[in-house]
Every structure is written in structure tokens, then in C-alpha cells.
Amino acid sequence: MNDMQRAPIAPRPAPSPFGQEAPAASAPLSAWYALFAFCVAAILSYTDRQILSLLVDPLRMAMRLSDTQVSLLQGVAFALIYAAAGLPLGRMADILPRRHVLVGGVLLWSVATICCGFAHSFAELFAARSVVGIGEAALAPAATAMIADYFSARQRGTATSLFLMGQVVGGGLAIALGGAILSLAGSRAFAALPLIGGLPAWRVTLMILGCPGIVVACLLMAIQEPPRRAPADAAKVAAKVAAGEAARLLMARRRRLVPLYGAMAMLSVGDFSLQNWFPTLLARQFGMTPGQIGADLGTAAIAGAMIGTVSAGLLSDRRAARGGAVSRLPIAIVAAGLAAPGAAILFAPAAGWAIGLFMLWIVMSNAAGAIGITAVQELAPDAARGVALALISVFNMSVGLSFGTTATAMLADHVYLGPSGLAASITTVALPAALMGMGLFRLAARACTVADGRIVSDASPASASPARCS
């Protein structure tokens, strides 16, 4: 069945002349199904991305790697190719059917995750992780651009937060499910399975986690491509806009967008420092087993993600309904500031305290990030929205994943030696990152000086609005 034969999605009302969309009916059921499919894809994405954080010590022993080499597999191998592929894939989301971009990305990263399980050297594992990065770079720009078209402004923050909740739930699920699979594989529960039965537990874990991608691709094939939010056919408009012109449109908004990108990248530095090294810290410093880490830390990560993203979406939508889109940003400032105490892992006297601090970081970082992404959705021009959203991932990966993961490992290898070295490294990296994120969110809020408290939509006639964003 082609798209023309599918039930149509109700077109969105035209934007008001003041940069806010006119009141709209609740999103149709097809929009909520698409959001569900995006959440499932996000869960799988982060599960496949974060699983190496639970396999650090098995990988080190099997391939004789240092912590710094493992950090390169977690960070640079994934982040550099993710960043390089992000902008072209964001551009594809502007000019091609976004559903096809999503399906191709899911299948690619799932096959690459399985290939990680077959790798026999650092170079082979590095290459496979790089391909995982290419596939996953397709998800965020295409999905968030479609969410902006599916949902009106009064529901967009909540919908975006639910999608982001899927991403961070995936990080927790990587720990919880990965720990369970690793424990089962270690007890030879999969010994009777063909091909993988006789393999080491860490290889079995990677191969099993790569398989659900086929199911997720089928879910995504069933979604409907929504009408673009622009008043004209935005895909055709975007296709006619040269890459240089799209860059010019984004540069015109740089004083608002750049601080937002920077704030989210700083929080990502702390995110990846904690997410990639905290399981190893619990094993080394507090003697927890993979099964215990999976149950306790996985639960904390999932609960924290749900609390942070959902509450941020609901609260910011409520504030935006009263004070316009720019009124979302003060919530992000407060959340980034409250994330800072969560980085103080060094001072935790026991594993329970450390997990509690980890959960505080997850709640607050995800709340701030959800609001930042929603603000970019509303600030980006229609003809370059996919690129604008892809830039979030580019900065988060190139700065957050590369620096947060590798700097933590290098500090643990060369500066903070001893039992608490990893905890000191995480605190040294994440605490300043949270404070810088708070400052950059504040800078972004100041850049939007608006007479009526609203961020101006790209589709709004400039002459009709009294608002001005510097």
C-alpha cells in the first residue's frame, strides 16, 4: 500500500501571526502510533549504543585493551562517524521520505551491532562500532522532525520528551537487559543455540541485542509520513534550497541556536562520562556483579529518564501555553544547575548513595535536554529543520561522547590512580560540564528578547509579529 492509499493525516492549522500555532485538536491516533514506534527505535538505539559500558572488563581481558582503548570504542569510534554522517542524514530527512531514512538506519546499526560480536581485534571492533554510528545518526533528526509535524505546539514538548525518554530508557535497558543476558550467557544458558552457543558471554550479548532491529524496522514501515509543517510542500522547498542557503538560514539564528547546542553538548559530556563508566565503577569500587549492576543501576536509569523527560515536557508545554515558547528555557537552566550535585560521585560513601546521585543526574540532565531539543524544533527554519536537529547529535557526539568518555578514562589511567580513581575522574569531568550547560542555557534565553514572550516561527510573517529574537 503506498502513501496515497493510506488514511490522510489531518493538516495542521496555519501558524498565527505571532509565531504561535493556532489552537489545534489533539494529535490523531496515527501520530501517537508513530511516536510509539520512534520510542521503541530510540530504546533499541541506546541499548545497542550503551551496551559496551557493561562489557568493559570482559573486552579488556579478551582483547588485552586499556581503559583508554575501550573509551575509544565507546566514544571516538562511534562519535566521529556519527558526527560526520549526522549532517548528510539530517539533510536527507529534509528532502526524502523520513520513514525510509529511519528504516535504513535501524537495519544498518542492528547488523553492525551483531558484527561487533564477531570482531576478533581492536581494529575490527572499532570499524563495526563506526558503522553503528552511521545507522544511529539517522534516527534523531528524522524522528524529531516528524514529531514537529505530527504534533501542535501545545503537545510538542510532551511528544519530544516521550521520544527522548525512549533514548535514555534504552541506556538503562542496556544495563538491565545486558546484565541479564551477560549473566545468562556466562551460565551457558544459550549453549544449545546454533552459531552463538559456544561463544564467550560478551559476544553472545552483542549478537542477541542486534537482532530486534528487524522488528523495529517493521514497526517504522507502518507509520504514515506526516504533512510538513510549512504552508507549502516543505520537502520540495527544502530540495530546492541549496546547502549553502540552508546554512545561511541557520546562521541567521546562530545567537539563539549556538548556545542551545553548546548547553546540550556540555550536559552530554557528563551523560557519557557517567553512563559509560559508572557500571565499571560499581564493579571495581563496590564489588557489584553484572546482575546486580543491571538490576539496580538499570532501574535507576530508566526511572530517572522517565521522570526527567516526561515532567520536563509537561511542565514546559504548560509554561509555553501561558508565556510562549521562550518560557521553556528557564526550566532548562534550573534543571542543568540541579544536575551538578549528581556529578559528585567521588563523595558517595556506598553504592546506594552513588546510584542515588547517578539518578539525580539522569533526571535533571534529561529534563534540560528535552527542553533544549524542543526549543530547537521551534526555532529552526522549515527548510533546514532536519539539519538543525542533526546538529544537536553532531555536537553531542563530537563533544559529549568523545570528550566525556575518553577524558574520564585518561584521568583514571594517568591522574587519579587507586580504588576511587574512576569516581574522581567522573566528578572532574561531569561537574564543570553541568555548570557550563546551565550558563549556556541562560545565554540562549537572553538571546531571545521578545516583546510578547514568544519565539517567532520561521513560517510566521516577520512583519506581522512584534517579537524580536536577537
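Biologist: Which residues does Ala368 touch, not counting residues up to four places away in sequence?

Modeller: Contact means heavy atoms within 4.5 Å. By that rule, Ala368 touches Leu267, Ala332, Ala335, Ala336 and Phe441. This is a predicted model, where local features need pLDDT of at least 70, side-chain atom pairs count only at pLDDT 80 or more, and totals for chains, interfaces and linings use all residues. Residues are numbered from 1 along each chain as its sequence is written, and side-chain values use heavy atoms, with hydrogens and water left out.

Biologist: Where is Ala368 found, and is Ala368 buried or exposed?

Modeller: Helices are DSSP runs (H or I, at least four residues), numbered from the N terminus. Ala368 is found in helix H16, residues 351-379. Buried means under 20% relative accessible area, exposed over 50%, and partly exposed in between, with a 1.4 Å probe and protein chains only. Ala368 has a relative accessible area of 0%, so it is buried.

Biologist: Now helix H10, please. Which of its residues are buried?

Modeller: First the general idea: an α-helix has 3.6 residues a turn, so residues three or four places apart point the same way. In H10 (residues 213-221), the buried ones are Gly213, Val216, Ala217 and Leu220. They line one face of the helix, because seen down the axis they fall within an arc of 105 degrees, taken from the directions from the helix axis to the C-beta atoms. On the other side, Ile214, Val215 and Cys218 are exposed.

Biologist: What do the buried residues of H10 pack against?

Modeller: Their partners are helix H1 (29-50), helix H5 (98-118) and helix H9 (201-210).

Conventions
Helix = DSSP H or I, 4+ residues; strand = E, 2+ residues; numbered from the N terminus.
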